[in-house]
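Here are some friendly notes for a first look at this model. Please keep the sequence and the 3D view open as you read.

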Amino acid sequence: MRHNQSQLCRGEDLLLSNRTVPQRQADQGPCVVSDDHERLFRWDPVKRGHVRELELEPGKKYKMITLASKPPVFELPDFLSEEESEHIIDLAEMFGLENSLMHTDEFQEQHKKEVKGHASGAAGIYLSWDENQDKEITKDEVVIHFSRRYKFLYMTPEEVDVMIKKLKIREFDDGKVTIQEFRKLPTAAMDDYMNKLKELSPVHRERNSHQTWLHQGKFASKIMQRLRERIKKLTRLSDRVIRGSEPLQVVKYDENGHYNVHHDAQPVATHSHLKCCHLNVTKIPACRLCRYITILYYLNDVEEGGETAFPVADNKTFDQQLYIKTMSDDLFNLMEFCHAARLVVPPKRGKAIMWYNHFVDEETGWLGERDDYTLHGGLAASSNARKRLDKSCENGICFREQDKGPCIPSDDEPRLFRWDPIKKGHVRELELEERKTYKMITLASKPPLFEIPDFLSESEANHIISLAEKVGLRGSDLHLDEELEKNKEFVRGNASGSLGMFLNWDKNEDGLITRDEIIDFAADFKYLYLSPTEVDDMISKLNIWEFDDDQVTPVEFTTLPTAAMDGYMNKIKEKHPAHRDRFSNQAWLIQGKRADPLLQTLRKRLSKLLRLSDQIIRGGEPLQVVKYTKDGHYNAHYDSQPVMNQSHVKCCHLELSLLPHCRVCRYATVLYYLNDVDEGGETAFPVVDEKTFDRKTYLDTMKVDKFNLMQYCHDGNVVVTPKRGKAVMWYNHFVDEETGWMGEMDEYSLHGGCGLWSGVKWIANNWITSADAQWAHYKSDHDIDDR
């Protein structure tokens, strides 16, 4: 039985849905619609099978067929052409799809703490397992009886065998468990295992899919803009209502993909204290879903399965709580009960279905209570390659607090995409290439910092190194001895300020200055961490005879060349490989249309990872490849510059050579490790996820130079170990909520490269350049040449 049903529900199909989200409350000021007397339009279903013909484009009519009255559900055959369907699929694949699921085995690896003993409740009672009451529990009774009746979990015999093996349940060695053996049966562990299986297994969890989001504003493709106009005429809602919602969501279901029964919106009665999310669904639960309408489009034909089910459509009566309490099977589970629903819509390329998630409030004409009959879900499709992009677009009116200006950014401008970190350790799976997924793991939330293991293959990493070596790497360092030759005339005599005071050198206040105290002085007053050998070199090169007996008295201090020592230490800090702010060699590789094919492939993968257009990716700086040798490092720094006090200066983009007449506007950084490293070479983020952080206060109060990653690498809150092919990505700027363009710099993005103690370290950096609203249309931002 299970086999036959799952054949109907497996595979991959493409669909879209547009959800329209209006709401206004009388005491919260006007929404974006200017007519205070406007009422939300709602089609009358008339009766099941009723057919209308609607002219949604000049000279072109579309049929709208009523499928149900509670809720009003309509079918629109051929709403999209084949060309339009394919175009939407292509856009979704170009931007890449995200899967936020964690694989079951990985979850179990991360939660190895063993659950022991008997469970409480049904799992701890023998009769709950022994269905036929023959005083023996068989594997079939675990499969057919207990897991289904008490867990609403439809396990296969093979899955039960896996559970027994992983939990090392010896009581089933002979295929059955007696009452005596039941006392030792780890029912708590079995109960926990089933809960995790239901939550995380692709087959058993509530939803298994990939998704992406597409904007439909002024900068969208003509097909996307034309679709928005068609939706406006179909729903008879204003353009600003349609534009005021979430972007078009595209969902792809692979084999075992499904979405169990759910509502698209949230009830008003229990959530009326919350404002509507609209463009900011990531802020749930601080806001609520107010999706007035859903419009769902099928983008391809499906051989078997892939239907959309409405379990309670047109029921005479329906009470959700009573329904849940009295159902004998989990009818919400569409992997098992596909065709138990009262309405099942088969997919067909170009078909659209539309339904209302909310009533219209009769008194105000605005969004009323949610319609509980709108329960629906996506069935799995057959296992042959079926690409289904489930396009769920949420459009609607948003709130505006009185006198706070318009509540949505103009959709004439594209919004910069920014991944929500969710929480530390959160794992997504992103399909960045055809049938190839990459994991993206959240390392921190402030700033959003992510790790992508195996983002580059070994051959790709080696090829980038080879290209950099062909181009040639250069370093900006002068050798220390050469620099000293240019500055032979160091000033004799005492320096002014702290360097000229004996007590600042005599740390233990014993009346003598030793060579070790020079090390202490350099650390305390110069943020310079000298070795004993380097102190000896300074004494020798400056001919400091006062240290001939290894100590300096107060009398000798009057002739000690502290000014020369100060100058020498400044040169060491500036030029010495181990002490300067940065020590490395670098090359730059163009990634435009004429670049090496691998670099073009990487650029496209990057566009999908960041969900930013190819033009934005190409409008930034070339790929920087960096080689670190022994003592190589880059002390803590920012990749970008703050907007405050520099907003009048345009962004550099491709022309960093124009600094300081332009400013660095690096919205995001993607760093790739190109080889495995012997020792050291980590990337440190000193202040990520601090509760509060103010850079000036941090600098004023720190007792040691935490920016110095040769000394304090592992004091960082997050330290990333290099591994060939791994990428780390973070945002250097916020997104301006009003304009959707680049906002202020995030000071938590402070980072750097730790000291390399042996071997060689290769990395590459892609800096994603954008602009704030004032410079959004500056030519080098998007209108770039065919590099």
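1. Let's begin with a cysteine: C651 is buried, with a relative accessible area of 1%. Please bear in mind that this is a predicted model. The partner of C651 is C665, and the sulfur atoms of this disulfide lie 2.0 Å apart. The torsion about their S-S bond is about -85°, so the link is left-handed. C651 and C665 both sit in the loop between β28 (633-637) and β29 (666-673), 14 residues apart. C665 also counts as buried, at 2% relative accessibility.

2. How many disulfides does the count come to? The answer is three. Another of them joins C276 and C290, with sulfur atoms 2.0 Å apart. The link of C276 and C290 is left-handed, with -90° about the S-S bond. Both cysteines belong to the loop between β11 (258-262) and β12 (293-298), 14 residues apart. C276 is buried at 5% relative accessibility, and C290 is buried with a relative accessible area of 2%.

3. C713 and C754 form a disulfide too, with their sulfur atoms 2.1 Å apart. Is the link of C713 and C754 left-handed or right-handed? The torsion about the S-S bond is about 80°, so this disulfide is right-handed. The pair links distant parts of the chain, 41 residues apart: C713 is in the loop between α21 (695-701) and β32 (718-720), while C754 is in the loop between β36 (751-753) and β37 (756-758). C713 is buried, with a relative accessible area of 8%, and C754 counts as buried at 2%.

4. Now for the nonpolar cores. The largest has 45 residues, and those with the most contacts inside it include F455, L610, Y672 and M729. Helix α19 (residues 597-610) gives the largest share of this core, six residues. Apart from it lies another core, of 38 residues, among them I89, L214, I231 and I242.

5. M729 deserves a look of its own. Leaving aside neighbours within four places in sequence, M729 is in contact with residues including W419, M440, F450, L610 and V670.

6. Finally, do look at the open sheet, in which five strands follow the order β8-β11-β18-β13-β14 with antiparallel pairing. Why is one side of β8 and of β14 left without a neighbour in the sheet? β8 (207-208) and β14 (343-345) stand at the edges, each with a single partner strand, so one side of each has no neighbour there. Within the sheet, β13 (residues 308-310) and β18 (residues 376-378) pair over two bridges in the antiparallel sense. The bridge partner of A309 is G377 in β18.

Conventions. Residues numbered from 1 in each chain as written. Predicted model: local features only at pLDDT ≥ 70, side-chain atom pairs only at ≥ 80, totals over all residues. Heavy atoms only, no water. Pairing = 2+ DSSP bridges. Helix = DSSP H or I, 4+ residues; strand = E, 2+ residues; numbered from the N terminus. Core = buried A, V, L, I, M, F, W, Y, C linked by side-chain atoms within 4.5 Å. Buried < 20%, exposed > 50% of the residue type's maximum accessible area, 1.4 Å probe, protein only. Contact = heavy atoms within 4.5 Å. Disulfide = S-S within 2.5 Å.
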